[in-house]
There are 2 protein chains.
Amino acid sequence: MRMTGRRGPGRAESPEQVLGMRHSSLRETLTNEIRMAIMTGRYKPGDRLVEDRLAEEYGVSRNPVREAMRVLEIEGLLEVKPRRGATVAKFTDDEAKEAVELRASLEGLSARLAARRCNDEVRAQIFDLLGRGRRAMEEQNWEALRQLNDDFHQLIAYAGSNRFLREFMHAMRSKTFWMIAGSKSWRGRDSWKEHEAILHAILSGDEELASILASRHVYNAGQAFLDERVQPDGEDPAVADTEPAARSGGG
Amino acid sequence: MRMTGRRGPGRAESPEQVLGMRHSSLRETLTNEIRMAIMTGRYKPGDRLVEDRLAEEYGVSRNPVREAMRVLEIEGLLEVKPRRGATVAKFTDDEAKEAVELRASLEGLSARLAARRCNDEVRAQIFDLLGRGRRAMEEQNWEALRQLNDDFHQLIAYAGSNRFLREFMHAMRSKTFWMIAGSKSWRGRDSWKEHEAILHAILSGDEELASILASRHVYNAGQAFLDERVQPDGEDPAVADTEPAARSGGG
DNA sequence: TGTTCGCCTATTGTATACCATGCTACATGT
DNA sequence: ACATGTAGCATGGTATACAATAGGCGAACA
């Protein structure tokens, strides 16, 4: 895949749509691209990410790649060893539990704040969300539910009106993407029912309930994931070690 | 200031102490250096950080500088506008409150977990810390107390035994450095008394108490800071706009 | 046969140089 | 007074070169 960024001095390529490409720098695009590739499983835990190869794969130079990797490293999606390069982060069961634990607390806090500060605007958005959710449930439209899932979390984060918490939640969701992405049996219906309950708690301004429900929601999702992930042997979990690496090949 | 890193191909410099300098890459050193410069106030909120100037100032090329800036951007210490470069982040009062709010919650959670999982090793470390604290108090050694402050937070984070929480707390402390760094009247004594109480709560395994005390501790510190920061007019707070910028020498 | 040492290779870390583009400020024209 | 042109600066990116290093692999060795 070639990033359609403006090419450097050397190669001319075609000056096609040089305009319109103004927003979001290459490194940003790259960061998102790689992040997505990790979240969707194209790069699997343990896979090596080599600067040169990525640069070639995306048709960019090493600099943006490096900067993107720095970002992903901090986000916790990559493990970087000095002079040895980056690999997609693996998660042991313990770490997964830790992540769930923290995320549960943060979502709880988020919901609590949302309930505390629920104003008319938020209220309207919640009603809208509930409506769309009901429709998606009736139509059994799981794709839409998945989207609503994202919207839900975003709304909560927004409603909590704490910039820092919002950023943290974003990072945390990024770090725990496997909770949903890796899940084979997407428990869409249960999940949305829980969401509904949380939203109602927020609407009624019940901080405590909202908080508890939100926490439990995360624990449930996390537990569902952990149950699914049965260790075959005593083997290192979440690994794809036999796979050589993230070579560009079949892509 | 010149970073004593191994120089590139061009300049030879002297091969002095090329060994021993193996740990931590330039960009890491740079990141810490700049972070420290921000935290200690050498670069003030609003100051512009120009890549070239930083590169020259630290005697390195632009690449490591850029990567360092990316890191600091994510950490929230820098605000970066596309094509406009980075400035040291400013905090409005509202943001400060938000930061305090979140950090209070996280410290509370941290303390709660620490209390829940307090094992013998942690217990020993707590006793050690308490001892050192008592001594520092008796000697009125404020510098030592400041150090103990750091140790305290580190111990709590460690005792909570949640890798993600630990990382978040680190980032959060980085983002709220001004709570202590900017504080003119370092409320060392009060602070340590609160620390003591928290540690005792943890020792006795009282999750709830530990959590509440820890939260309140942060609120107190935050309040102390906010009180201090009196707005002269209706002006934008935490700004040093009249200062030209972070230009190097005669500029 | 198992271990240690040293070389080789792949990759990262850094430097250098230059180009393209977007801002900003300033100058200019109306 | 206001719109417009323009020059300079700083960023974002490309390309290239080279040094340093971690690990792998094989040779020498016990």
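# Close-up views of a predicted two-chain model

View 1. Strand 2 (residues 78-81) and strand 3 (residues 85-88) of chain A run antiparallel and are joined by four bridges. This is a predicted model. Across the pair, A:Val80 stands opposite A:Ala86 in strand 3 of chain A. Three residues lie between the two strands of this hairpin. Strands of a sheet pair through backbone hydrogen bonds, either parallel or antiparallel.

**View 2. A:Arg83 sits in the loop between strand 2 and strand 3 of chain A.** Most residues other than glycine have a negative phi.

View 3. Look for A:Ser161 in the loop between helix 6 (142-159) and helix 7 of chain A. A:Ser161 has 16 other C-beta atoms within 10 Å, so this residue is partly exposed. Partly exposed covers the counts between the limits for exposed, 12 or fewer, and buried, 20 or more.

**View 4. Three strands of chain B make an open sheet.** In what order do the strands of this sheet lie? The order is 1-3-2, and the pairing is antiparallel. Strand 1 (48-49) and strand 2 (78-81) of chain B are the edge strands, and each pairs on one side only. Two bridges link strand 1 of chain B to strand 3 (residues 85-88) of chain B in the antiparallel sense. In this pair, B:Leu49 stands opposite B:Ala86 in strand 3 of chain B. In a regular strand the side chains alternate between the two faces of the sheet.

View 5. Helix 3 (residues 62-75) of chain B lies across strand 1, strand 2 and strand 3 of chain B. This helix runs at about 110 degrees to strand 2 of chain B.

**View 6. B:Leu26 is in helix 1 (residues 26-39) of chain B.** Is B:Leu26 buried or exposed? There are 22 other C-beta atoms within 10 Å, so B:Leu26 is buried. Now find B:Glu228. In sequence, B:Leu26 and B:Glu228 are 202 residues apart. In space, their C-alpha atoms are 37 Å apart.

**View 7. The largest nonpolar core has 73 residues.** Which residues touch the most other members? They are A:Ala114, A:Ile202, A:Ala210, B:Ala114, B:Ile202 and B:Ala210. Take B:Ile202 as an example. Leaving aside neighbours within four places in sequence, B:Ile202 is in contact with B:Ala111, B:Ala114, B:Ala115, B:Cys118, B:Ile126 and B:Ala210. A second, separate core has 21 residues, including A:Ala37, A:Tyr58, A:Val88 and A:Ala89.

**View 8. Chain A meets chain B.** How many residues of chain A are in contact with chain B? There are 21, and they touch 21 residues of chain B. Helix 3 (62-75), helix 4 (93-116) and helix 7 (163-175) of chain A each supply at least two residues of this side. Helix 4 of chain A gives the most, with seven residues. By class, the side of chain A that touches chain B has nine nonpolar, four polar and eight charged residues. Of the interface residues of chain A, 100% are also interface residues in chain B, so the copies meet through the same surface.

**View 9. A rotation relates the two chains.** Two copies of a chain are related by a rotation about an axis and a shift along it. Here, a rotation of 180 degrees with 0.1 Å of shift along its axis superposes chain A on chain B, with an RMSD of 0.1 Å. The two copies are therefore related as by a two-fold rotation axis. Which C-alpha of chain A is nearest the axis? That of A:Glu67 is, at 2.9 Å from the axis.

**View 10. Chain A as a whole.** Chain A has ten helices and three strands. Along the sequence, they follow the pattern α-β-α-α-β-β-α-α-α-α-α-α-α. Of the 251 residues of chain A, 34% count as buried. Consider contacts in chain A between residues at least 6 apart in sequence: 75% of them join residues at least 24 apart.

Notes
Residues are numbered from 1 along each chain as its sequence is written. Chains are lettered from A and ligands numbered from 1 in the order in which they are written. This is a predicted model: local features need pLDDT of at least 70, side-chain atom pairs count only at pLDDT 80 or more; totals for chains, interfaces and linings use all residues. Two residues are in contact if their C-beta atoms, placed from the backbone, lie within 7 Å. Ala, Val, Leu, Ile, Met, Phe, Trp, Tyr, Cys and Pro count as nonpolar, Asp, Glu, Lys and Arg as charged, and the others, Gly among them, as polar. Copies are superposed by least squares on the C-alpha atoms of residues with pLDDT of at least 70 in both. Two strands pair if DSSP finds at least two bridges between them. Axes are lines fitted to C-alpha atoms, for helices over the stretch in contact, and angles run from 0 to 180 degrees between N-to-C directions. A nonpolar core is a set of buried Ala, Val, Leu, Ile, Met, Phe, Trp, Tyr and Cys residues joined through C-beta atoms within 7 Å.
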